[in-house]
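Here are my notes on the model you sent over. Have it open while you read, and go through the points in order.

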Amino acid sequence: MRQIHVVEDEKGVRELLVRYLEHEGYRVFPHADGEGLLAAIAQQGADLIVLDIMLPGLDGLELCKRIRAKHQTPIIFVSARSEEFDRILGIELGGDDYLVKPFSPRELLARIRAIFRRIEQQVAEQGTANHLDLTLDFAARIARVGTLTLELTNKEFELLKFLLENKGRAFTREQLLTAVWGYSYLGDSRSVDDLVRRIRKKLDGVSQVEVATVWGYGYRVNA
Ligand code: CA
């Protein structure tokens, strides 16, 4: 049974999510603050974490940083603030998805299922994608240029992999969102711009591979 940790200081919201996710067949561990979460995942691990950003004590972003130092567990941020800052920072810190309150438990469930589906696909994946001087290793989930290893977050890896596997083709932001997040994304296509900006920063001056902007359309890796 998949284990999901829900960190939420609002009791009503927490209990609602726990009930809903348990009903969907997950084992759910509720936490009112970050200390409880860190202790619990150190002891028993986690398959996924639903993480409120505004929390007493350590906030969700700080918690994400600490979790990412040791674990690649998928994290879905939830926040009452729709601010750009939180969304970008959340993704930058390695969050896998971002929901703005109020959201329906059903929407959260869709995101959770998409992440688990993606993980199952990733586990089944073998091999590499090569382009120019860049190699993506699917099993290790890293990029290499010669002897150099590029650290990519999960989403950066997915986007680059998709563009390399379809090199020479241009995609809209919406298509890339669906490809990377694994469901038809209702949210913000600027998430793709954020990802591309970060991928470019990592490739720049290191690899010959470039993510090109297709004006008025989207992005492409040239064949
Ligand atoms: Ca809160």
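**Notes on the fold and the calcium site**

1. Strands here are DSSP runs of E with at least two residues, helices are runs of H or I with at least four, and both are numbered from the N terminus. Two strands count as paired if DSSP finds at least two bridges between them.

2. Before going further, a word on what we're looking at. This is a predicted model, where local features need pLDDT of at least 70 and side-chain atom pairs count only at pLDDT 80 or more, while totals for chains, interfaces and linings use all residues. Residues are numbered from 1 along each chain as its sequence is written, and side-chain values use heavy atoms, with hydrogens and water left out.

3. Now zoom out a bit. β7 and β8 belong to an open, antiparallel sheet of four strands in the order β6-β7-β8-β9. Its edge strands, each pairing on one side only, are β6 (128-131) and β9 (148-150). On average, neighbouring strands are turned by 25° against each other, direction ignored. Helix α6 (residues 154-165) packs on this sheet, touching β6, β7 and β8, and its direction makes about 120° with that of β7. Contact means heavy atoms within 4.5 Å. Axes are lines fitted to C-alpha atoms (for helices, over the stretch in contact), and angles run from 0 to 180 degrees between N-to-C directions.

4. Two bridges link β10 with strand β12 (residues 218-221), and Thr172 has Gly218 in β12 as its bridge partner.

5. Have a look at Asn222, in the segment after β12. Asn222 is partly exposed, at 39% relative accessible area; buried means under 20%, exposed over 50%, and partly exposed in between (1.4 Å probe, protein chains only). Leaving aside residues up to four places away in sequence, Asn222 touches His131, Lys167, Gly168, Glu210 and Ala212. Its C-alpha is 7.4 Å from that of Glu210, 12 residues away along the chain.

6. On to the metal. Which residues are the protein donors of the calcium ion? They are Asp9 (OD), Asp52 (OD) and Met54 (O), lying 2.1 to 2.3 Å from the ion. Asp9 lies in the loop between β1 (3-7) and α1 (11-23) and Met54 in the loop between β3 (48-52) and α3 (60-68), so the pair ties together parts that are 45 residues apart in sequence. Asp9 is partly exposed at 33% relative accessible area, and Met54 is partly exposed at 45%. Donors are N, O and S atoms within 2.8 Å of the metal (3.2 Å for Na, K and Ca); water is not among the atoms, so sites may look incomplete.

7. Last, the overall layout: the chain splits into domain 1 (3-122) and domain 2 (126-221), with bounds from an automatic or database domain assignment. Taken over C-alpha atoms, the centres of domain 1 and domain 2 are 25 Å apart.
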